[in-house]
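Here is a short briefing on one protein model. Please look over the sequence and the fold before reading on.

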Amino acid sequence: HDLSDDADYARQSVSMQDSAKTSSSALVYVKDNVTIHPSQFAAERIGGRLMLIKQGACLLLTWIPYKGQHSKLSEKDRNLYTIRGVSFSDVRSIRRHTPTLGWQYIIVVMSTGLAYPPLYFYSGGVKEFLATIKQHVFIVRSADDANIFLVNDFQNPLQRTLSSLELPRAVVANGLSSTSISDPHPAENQPIDDGSVSGEVASLSLYNGRPRPKVHDPARDLSIQVLEKFSLVTRFARETTSQLLRESNGYGANERRDHSPHYHYSYKSTDPEKAPVEVPVVPDPLEFDKLSMVWGKPRQSPLGSGEWATFLDSEGRVIDSKALKKRIFYGGVEHRLRREVWALLLGYHAFDSTYAEREYLRSMKKLEYETIKHQWQSISAEQAKRFTKFRERKGLIDKDVVRTDRSLSFYEGDDNPNVNLLRDILLTYSFYNFDLGYCQGMSDLLSPILYVMEDESESFWCFVALMERLGPNFNRDQNGMHSQLFALSKLVELLDLPLHNYFKQNDCLNYFFCFRWLLIQFKREFEYEKVMSLWEVFWTHHLSEHLHLYVCVSILKRYRKKIMGEQMDFDTLLKFINELSGLIDLNTILRDAEALCICAGENGAACIPPGTPPSLPIELLYQD
């Protein structure tokens with residue numbers, strides 16, 4: 001990135017040169033590809049150059065966005081996401097974070113308690129950054145959290161650090177126990193060198209500035225309060241960066257506990273002699289609850305009629321399909337709007353089509369549907385005797401439709417006309433796509449569509465559009481299912497290696513216990529209304545075409561402690577997974593899945609082979 005013709009960079013360079021004329025100034029550290037994230041989307045990240053400038057006795061921190069990058073931000077946000085000439089005399093703390101998955105980042109906290117957005121080091125360099133600071137500024141490391149560094153100038157560093165954290169007077173009086181930073185990456189249980197500067201600081205009392213004997217070590221009580229204070233500014237910085245929790249005031253530690261999901265499922269053996277024995281479980285490497293709190297956005301209310309109208313122009317075209325999909329992703333759609341919106345999400349109607357064009361398409365498609373339907377309706381009894389494939393498929397359909405969602409008022413009762421429509425649509429589809437025909441599970445996918453559309457022809461064509469993506473799930477060779485199970489295995493390996501290794505050790509690596517989830521898109525895992533809400537989220541393809549795989553991972557991670565702790569084998573695990581039906585909190589799982597998808601990023605996308613459902617088959621992509 002060439003910054004020579006960047007206006008902001010030019011102004012900063014001139015400022016640096018002018019300052020150098022009046023005082024000694026030196027550039028002591030430069031790092032490119034240091035990035036901030038105004039939102040959770042990788043495309044919106046802002047890259048720039050991070051610099052440390054020594055000017056006289058002061059060390060200054062500056063971050064400048066690359067040319068054109070700041071244009072992604074509003075004028076208001078440019079001031080928020082700009083760091084120019086910040087003196088380390090005003091910096092109180094630096095937190096380094098090294099996630100299991102992703103890039104290292106730091107959070108700089110000022111003496112006011114506010115924090116700059118996290119700075120992500122995409123090309124590494126955090127160690128060198130901290131080492132450079134140490135050469136010019138006094139730094140001590142927290143005794144309880146080795147990733148927190150307390151930054152001070154050279155005059156009474158202890159008192160200024162403690163006062164900036166607003167700790168109780170009694171605690172401040174007892175002093176601070178901390179370790180001197182000699183390496184930005186500390187070893188475990190690093191001893192405190194009492195002969196070092198930090199050792200001297202640790203033994204100081206604030207009573208008239210005189211040293212006094214330590215009656216007891218107050219480090220732990222003090223460190224707890226330091227960490228509690230730091231957790232507030234850390235959470236503030238994360239919220240500022242991701243802009244995911246703007247609708248509310250965010251979740252504090254207590255609020256997070258109050259809003260966490262309460263799962264009431266308890267798997268118990270009927271044989272008391274075979275009751276499961278809990279064993280120690282390897283911790284989740286991603287700190288799952290914290291990850292979801294930071295990256296997963298709370299669910300919104302469904303899209304209503306008034307808001308829906310704002311997405312359309314006077315002729316019925318969707319003005320911004322990306323914004324509409326994002327809105328549906330986070331809140332779903334009110335039921336009375338689903339007929340119109342689902343036809344767009346499934347691709348039956350184009351987002352840029354007008355009211356008139358959609359009405360014309362409906363009339364033409366209705367005629368086409370009737371033509372296809374007439375093909376099987378015209379088969380006589382004599383023909384049917386000699387048409388084995390037709391008899392087999394019709395028999396399967398007749399058996400399945402009378403068992404599909406009959407508890408729902410829309411399908412309940414004898415001689416229900418909607419059940420007959422379900423059968424007719426499936427039979428017509430078996431003639432429309434004669435190679436695929438009919439397989440068990442298709443009725444589960446069609447049922448909600450017919451329930452929403454309440455029209456035979458429109459239901460058929462929406463089902464056709466859905467099967468363009470999910471059809472490989474029902475291929476005889478099951479290539480679509482194998483591709484998804486393989487991708488799921490790789491995602492679990494990426495996002496929770498201990499859990500993946502547990503499945504491997506217990507012959508569960510084929511992930512067949514998730515087969516039903518994938519085959520019919522969690523149709524039997526949630527209540528009917530929640531299934532429709534979930535499918536709307538999937539069909540937006542907002543974060544990924546394969547969000548359903550991250551939903552699988554999120555459910556497994558939510559129950560990992562029980563699965564691993566009770567040492568479930570394949571049969572026990574399969575029974576446990578099937579009996580979760582109706583017990584999973586959908587909003588929590590969606591939030592978790594979003595967090596996992598964002599965290600996995602390009603590495604997660606690389607785990608999923610091209611053409612994996614619900615992606616369009618590769619041959620169709622080539623045709624397009």
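Helix α12 is followed by Gly-347, whose phi is positive, near 90°. Helices here are DSSP runs of H or I with at least four residues, strands are E runs of at least two, and both are numbered from the N terminus. This is a predicted model: local features need pLDDT of at least 70, side-chain atom pairs count only at pLDDT 80 or more, and totals for chains, interfaces and linings use all residues. Residues are numbered from 1 along each chain as its sequence is written, and side-chain values use heavy atoms, with hydrogens and water left out.

**Overall make-up**
- The protein has 27 helices and 10 strands.
- Of its 624 residues, 51% are buried. Buried means under 20% relative accessible area, exposed over 50%, and partly exposed in between (1.4 Å probe, protein chains only).
- Take the contacts between residues at least 6 apart in sequence: 71% of them join residues at least 24 apart. A contact means heavy atoms within 4.5 Å.

**Confidence**
- The average pLDDT is 77, and 68% of the residues score at least 70. pLDDT is the predictor's confidence in each residue, from 0 to 100.
- Residues 1-23 have pLDDT below 50, and this stretch has 27 contacts in the model beyond near neighbours in sequence.
- Residues 153-274 stay under 50 too. For them the model has 211 contacts beyond four places in sequence.
- Where pLDDT is low, the predicted coordinates should not be read in detail.

- Helix α12 spans residues 335-345. Its buried residues include Leu-337, Arg-338, Val-341 and Trp-342. Ala-343, Leu-344 and Leu-345 are buried as well.
- The cover over these buried residues includes α10 (305-310), α11, α13 (355-377), α17 (442-453), α18 and α22 (528-540).
- Helix α11 covers residues 321-331 and holds Lys-322. Lys-322 counts as exposed because its relative accessibility is 64%.
- Lys-322 and His-541 are 219 residues apart in sequence, yet their C-alpha atoms are 9.8 Å apart in space.

**Helices α16 and α18**
- The axes of α16 (residues 417-432) and α18 (residues 456-470) come within 10 Å and cross at roughly 50°. That makes α16 oblique to α18.
- Axes are lines fitted to C-alpha atoms, for helices over the stretch in contact, and angles run from 0 to 180 degrees between N-to-C directions. Under 35 degrees counts as roughly parallel, over 145 as roughly antiparallel, 65 to 115 as roughly perpendicular and the rest as oblique.
- From α16, Leu-421, Asp-424, Ile-425, Leu-426, Thr-428, Tyr-429 and Tyr-432 take part in the contact. They meet Glu-456, Ser-459, Phe-460, Trp-461, Phe-463, Val-464 and Met-467 of α18.
- The residues of this contact divide into 10 nonpolar, two polar and two charged. Ala, Val, Leu, Ile, Met, Phe, Trp, Tyr, Cys and Pro count as nonpolar, Asp, Glu, Lys and Arg as charged, and the others, Gly among them, as polar.

**Backbone exceptions**
- Most residues other than glycine have a negative phi, and most peptide bonds are trans.
- Glu-454 is not a glycine but has a positive phi of about 55°. Glu-454 sits in the loop between α17 and α18, and is exposed, with a relative accessible area of 58%.
- Gln-521, also not a glycine, has a positive phi of about 55°. Gln-521 lies in the loop between α21 (515-519) and α22, and counts as buried at 6% relative accessibility.
- The peptide bond from Pro-613 to Pro-614 is cis, with omega near 10°. Pro-614 is in the loop between α26 (586-606) and α27 (618-623).
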